[in-house]
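Thanks for coming, everyone. I want to walk through the salt bridges and the chain contacts. Here is the model.

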Amino acid sequence: MQLKLKNFTKTFDSTTVIDGMDLTVNDGEMMALLGPSGCGKSTTLFTICGIHRMNGGTLHFGDREVSNLPSQQRNVGVVFQNYALYPHMDIRDNIAFPLRVQKLDSTTIARKVKEIAELVHIPELLDRRPAQLSGGQQQRVALARALVRKPDVLLLDEPLANLDAKLRLEMRSEIRRIQLETGITAILVTHDQVEAMSMCDRIALMKDGKIVQLSEPSEMYNNPSNVFVAGFLGNPPISFVKAQVQGDDFGFGNNRVAVAPGLKFRVGGALQLGIRPEHFGPQFGRDVQGKISFVENQGREDLYNVTLENGVVIRSIQPAGTRLKLGETVSWGVSSENVLTFDLQGARL
Amino acid sequence: MSRISKPRFNWLGLGFLAPAMIVVVLFFLAPVIMTAFFAFTNMSTSTGITGGDYLLSQSDLRSLANTKASAATLDALENAGYRVDDAGLARLAEAQGPATADEFRKLHEGDLFTSRRDMERALKDLRQHRIRSTRDRKLAAELFTSSVMDQRFDTEEAFRAALMTSGIEAADHDTLVDEAYTGWIWTTKNIELLASLSSSWRYAMNTAIYVSFTLAFNVGFGLFLAISTFYLSPRVAATFRTIWFLPRVLPPVLYVLMWYWLTWDTGIISTLAGYFGVAPRNWMLDTGTNAWVVVILINGFVGASLGMILFSSAIKAIPASMLHASEVDGANRWQQVRYIILPQLRWPILFTSSYQTLSLLTSFEYILLATDGGPGGTTEVWALAAYHTALNNYGGNLQYGLGAAYALVLVVIGIVTSLLYLRFFNFRELVSKPRIEQ
């Protein structure tokens, strides 16, 4: 079911947290609300499920307006960061709770609980208590409880934040699998760009209560609309260098990067270059000189910080085995067709 | 091979614990031990709490009639007269001079007079060494008394010696010694008396009514207040809680005084009811039901405030996300209370119930101030009966021993109840670490 948030405004006391936000999540789509802490992404989620009330704007689930309905009448499923399982009920009762408060008959409840437990792969855990489950299992129970009454929208609030690294990887694909199998419209709130990029169809990147960019993950990575988006996505992060257009080159100090063919810039204009680590290295030429100032071996690949003469640092990622030493001088190049250009205010050129 | 290391013992640690242990012994154990100790004595105002003397009184004679003391002994005690014997003559010699004694020996040695008048008359027979004043003659007659009645002896030996000289059968001496002792003695009579008195049963029933109704009111009303204030805005909730907390911080005497104003026949209820044509009456003491309602409400409002505070904080301890989850799961307020909040209040409810049961069993101060057990003993609970028996007896003879026996029953019930609570509710599990990470 399509979710449509129009001109949504939320204030706490006198502080405006979100001001006039528009967001449309298509039917069956999984949308990430990505952003740093305090950007308003959780507030948005809690407003969509009705825990917070809107101060302005409208919210539609399909054709139904739910802006002023209490949570109980919105038909949303929510997975909370701490799962919020009911500790005094066993897993079966936890999952059945949304059905029980609807006063469904017990055979229907039992059937639906069984179905959903099989979907999330926990049929053998139904008689246990939440305290007896691992984090990943609790996560699955929370998903089952959120999905059991076939909600219009599934909302996930930082669902992986409380898991260890290995489980996080597993649950990432599990949540996506379950979302695809049920075909439910879902919103994932996260501050982890990897989660957002790997799990979602589209990402809404938020900053200070506004959506900065809304696009598909690869589009957002390759084509960020400003330095904030470029800097938020990618690990290790992108490096920014101030440069000037000098003929067919961007120049900074004694270093230069060729302007990609077909692009035109005003000669002498000052701008910022965004260089992702995978686009800086020996395979791209020898026009940038610097000293290795940091080495990190990550097994499959090596990470280098190269400090230029003027003190600017550019990060590079190389296949493992290059074995460069700290302090070594290198002359590397930048992949000119992948360089991102921004004006000095940070907007994409 | 595993070696179990011995727990280390440290005198310094014991030293640090000492003050706490002294306090525990002094204020927790000592009262219990003292109660048990007093319960098996017949201490009362008349026996005092130190040792006693030996004195046979007329009332002792009456109770001796019911014992195995022989009729001859009783007769000897009752009708023992005045005997002119060596001991009496020696006393006379000391008081009036040997010459008088000698003369009296010649006149009456070995004679027995049944009444004091005869004895005094015999003393008038003295010619050469008259005892002139009547007062002296009376005193002299007294020197020849052979009865042990109404005489105070400091020690058992003195009393036994007197019995020997009075010529009472030796077989009855022990009985008489026991009867004559005015101090306290060890006895199990208190417990037997409690078991046989019909009033004990009534007090027990009163206590059961008092504890169960007050407890139900405490917990139920406390829960209601906690849950209803939980859904109010914080400021309003805080105001409400403060108001409901007032009975607890008010001095009991003032608090009960307000109930007097409310319930007396010239009080608020009577005045208001008067507008509707209801004849004024004492709503506290008019009937047994009135008394019970008032007693339970007085104690209930005080106890409910404690429950309210405990339950409120327990509700606040439930993670907000859990309440949010139940809301988005579709639960309305009532379902949220029924399925999410109440089950998680299990531990505070159990704690409050058990704690309040124990404290209600032993508390009587509000009843004492309000109805003092009335009307006609309707609201006389066990603890109040103990107090009345031991410390505020209408007859004036404060029966410490019997009162302590009452109290001992409460102590035993309290200990047994605590043990049952510990076992039945599995407290250890309840107080263990929280079972879900938040």
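**Salt bridges and the A–B interface**

Start with a network: salt bridges link A:Arg140, A:Glu170, A:Glu174, A:Arg177 and A:Glu181. By salt bridge I mean a side-chain nitrogen of Lys or Arg within 4 Å of a carboxyl oxygen of Asp or Glu. Over all chains, the count is 16.

Some ground rules. This is a predicted model, where local features need pLDDT of at least 70, side-chain atom pairs count only at pLDDT 80 or more, and totals for chains, interfaces and linings use all residues. Residues are numbered from 1 along each chain as its sequence is written, chains are lettered from A and ligands numbered from 1 in the order written, and side-chain values use heavy atoms, without hydrogens and water.

Next, A:Arg111 bridges to A:Glu115, closest N and O atoms 3.3 Å apart. Both sit in helix 3 of chain A (residues 106-119), 4 residues apart, so about one helical turn separates them. Helices here are DSSP runs of H or I, at least four residues, numbered from the N terminus.

Now the interface. How many residues of chain A are in contact with chain B? It is 23, against 19 residues of chain B; contact means heavy atoms within 4.5 Å. The two chains bury about 2,000 Å² between them, 63% of it on carbon and sulfur atoms. That is accessible area (1.4 Å probe) lost on putting the two parts together, summed over both.

The rule finds 1 salt bridge across this interface. A:Arg145 pairs with B:Asp329, closest N and O atoms 3.4 Å apart.

Definitions and conventions
Helices (H or I, at least four residues) and strands (E, at least two) are DSSP runs, numbered from the N terminus.
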